[in-house]
Amino acid sequence: MGCFYQEFYDKAVLGSASVFGIIEDLGLSTVSPEGVVSTKRYSTVMLRFTVDGYIVGVLPIALLLQRLPLVKALSAFILVWGVVCMLTVVVTGYTGLVIQRIFLGIVESAVSPGFVAITALWYTKEEQATRLGIWYGATGIFSMFSGVPFAGSWTILWAFVVLFFIPDSPNEAGRWFNAEEQILLRRRLASNMTGKDRTHWKKDQALEAVLDPKLWLFLLCGAAIYVCNGGVTAFGARIITSFGYSPLNAILLQIPGGAVTCLTIYIFGWLAGRFKDSRTYLMPISCWPMIIGAVMIWKGSWAHKALPLLGYYLVASFGAPYVLLLSLSAANVAGGTKKSIANGMVFIGYSVGNIVGGYIILTPEAPIHYRSTWIAIIVSMCFVSAASLLLRFIMISDNKKRDKLADMEGYSPESSVKGDDTNIKVEELQHSNLESVVEDLTDFQQKNFRYAL
């Protein structure tokens, strides 16, 4: 949770700096002959972080994390990321900031896929949505303190916290668990049927990932959800100042937005854990606050500043559907290579959404309440709602086909994941009917696998 806060904060701090002179100091804005101020350079800085940094790094690094000791590799990336972030203070111009943001995007691209992988290793499918919500909720909790000046330094410290306090995997739990607990942890990992902690590259799994329509829907949903990020994070302070607030008040007024992000993530994460197979229904429901908020800002009167500000806070709930999306991906993709590619695709979608979000804030549209921004967000949320229901239909259909095959072949899908003997030895586990985990099989290859809705 603390690490994910650092990831969010190190990016969001540039948005806070935008109202305190960094745009003017580093030449991130231009003025046309007609006197119109353009912040396209500022948008380009945010774009380079994503396009040349995050997108380039996320898939190769996700695959690399699958082959290396996960926590050790992740802590190394966190350390380098903190150093690169601190180098922001030596930047003196537009070109230097672009280069610094590219490198920052590459090293930061390890963090989110890494923590999704950790969550999938340590928690069952039923627990993953709630746990993902807990650490992702840090984006809301700590965005309330995005004006505190310590970007980078805490990230370096946190690299050592991750290294020394998180075991590499349930198979190497080390000093934190006794022998009986370690056996139980391995059983929990096996019950997910989503693969081992460390695997090798498999070409057939890569091809299966490319041909799986669910993974493409995950990517598109990630992109659509994070279109909101351009309005809430990168340009949030500037949008609030356009309501009539001072720069300092704009920073302070982002605090309730962080609280909304955190609260909605926790609520929908809890609901997903409380009600089985509800995530694909909860995703459309979680999109409605953003749609309502966008309409309030676009169509409401700005004469009373509280109305668009309330709408802004509702748009800040975009973290909730994204957590549900991450939990769907973590629970429904098996096989080391395929799972790494799925993680990469979700976060490529995240990156694409950030790119689009950075360019839908059009300064000349301030008098018409940034109409294009809110139309884009409304359309995106409607797409996510429809795609979630399509995912549900696809996975229900696959589950029915597998149930029918199980009836024809006379085996029980539950037999492969249940068992009450917590004293089972590791050697016995490897020869049990959980061989699909040991052999690193995909969800397509495991006839006992059932998709969690």
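User: What does "buried" mean for a residue here?

Analyst: Buried means under 20% relative accessible area, exposed means over 50%, and partly exposed lies in between, with a 1.4 Å probe and protein chains only. By that cut-off, buried residues make up 57% of the 453 residues in the protein chain. This is a predicted model: local features need pLDDT of at least 70, side-chain atom pairs count only at pLDDT 80 or more, and totals for chains, interfaces and linings use all residues. Residues are numbered from 1 along each chain as its sequence is written, and side-chain values use heavy atoms, with hydrogens and water left out.

User: Why is R450 called buried?

Analyst: Its relative accessibility is 18%. The cut-off for buried is under 20%. So R450 counts as buried.

User: What makes D403 partly exposed?

Analyst: D403 has 34% relative accessibility. Partly exposed lies between the buried and exposed limits. Therefore D403 counts as partly exposed.

User: Why is the pair R450 and D403 called a salt bridge?

Analyst: A salt bridge is a side-chain nitrogen of Lys or Arg within 4 Å of a carboxyl oxygen of Asp or Glu. The closest N and O atoms of R450 and D403 are 2.8 Å apart.

User: What does the pair R450 and D403 tie together?

Analyst: R450 lies in the segment after α23 (435-438), and D403 lies in helix α21 (residues 371-409). So the pair ties together parts that are 47 residues apart in sequence. Helices here are DSSP runs of H or I with at least four residues, strands are runs of E with at least two, and both are numbered from the N terminus. By this rule the protein chain has 23 helices and two strands.

User: How do you know that D52 and R48 form a salt bridge?

Analyst: Their closest N and O atoms are 3.1 Å apart. The limit is within 4 Å. So the pair qualifies. D52 and R48 are four residues apart in helix α3 (residues 40-67), which means about one helical turn separates them. D52 is partly exposed, at 27%. R48 is also partly exposed, at 30%.

User: Are D212 and K214 buried or exposed?

Analyst: Both are buried. Their side chains meet in a salt bridge, at 3.1 Å from N to O.

User: How many salt bridges does the whole structure have?

Analyst: A search finds six.
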